[in-house]
Amino acid sequence: MIENCVVCGKMKTPGGSMATQCEDCRKRVWELYKDIPGEWKDALFSLDLSDAAMAIYEEYNVQGLEWGVIAEYIMLIGVGLKSEADLRGVLVKEGRLRPDEARTLAREIVSLYFE
Ligand SMILES: [Zn+2]
């Protein structure tokens, strides 16, 4: 379970469901979102891309890390607060993937959205 905000590292407000960010960082994400390129904005909210990314995630049978966390990382990568390496890290640490699996999964998802 992710207990601390993945952006600033502070403890999240209890009851914040499966969100990975504290309230302050969530607001910051939305402010940054306004300035990203239009095609990324479209990509971040594309249901087709989300389905495709979820299918990739399911293939890897990730343990201990819900899809929602991956979806939030995709958003954070989009606004520049996280990188592909950070996604790889959380896939190993929380998702218990082998480093090579995490590398491939992170690569596939990031390239789907941002290339
Ligand atoms: Zn935070």
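Axes are lines fitted to C-alpha atoms, for helices over the stretch in contact, and angles between N-to-C directions run from 0 to 180 degrees. This is a predicted model: local features need pLDDT of at least 70, side-chain atom pairs count only at pLDDT 80 or more, and totals for chains, interfaces and linings use all residues. Residues are numbered from 1 along each chain as its sequence is written. Helices are DSSP runs (H or I, at least four residues), numbered from the N terminus.

**Helices α5 and α6**
- The axes of α5 and α6 come within 9 Å and cross at roughly 135°.
- That makes α5 oblique to α6, because angles under 35 degrees count as roughly parallel, over 145 as roughly antiparallel, 65 to 115 as roughly perpendicular and the rest as oblique.
- On the α5 side the contact (C-beta atoms, placed from the backbone, within 7 Å) is made by E84, L87, R88, L91 and V92.
- On the α6 side, P99, A102, R103, L105, A106, R107 and V110 take part.

**The largest nonpolar core**
- A nonpolar core is a set of buried Ala, Val, Leu, Ile, Met, Phe, Trp, Tyr and Cys residues joined through C-beta atoms within 7 Å; buried means 20 or more other C-beta atoms within 10 Å, exposed 12 or fewer, and partly exposed in between.
- Of its 22 residues, Y73 and L91 touch the most other members.
- Helix α4 gives the most to this core, with six residues.
- Beyond four places in sequence, L91 is in contact with V62, L65, L97, A102, L105 and A106.

**Residue K93**
- K93 lies in helix α5 and counts as partly exposed, with 13 C-beta neighbours inside 10 Å.

Key:
Helix = DSSP H or I, 4+ residues; strand = E, 2+ residues; numbered from the N terminus. Contact = placed C-beta atoms within 7 Å.
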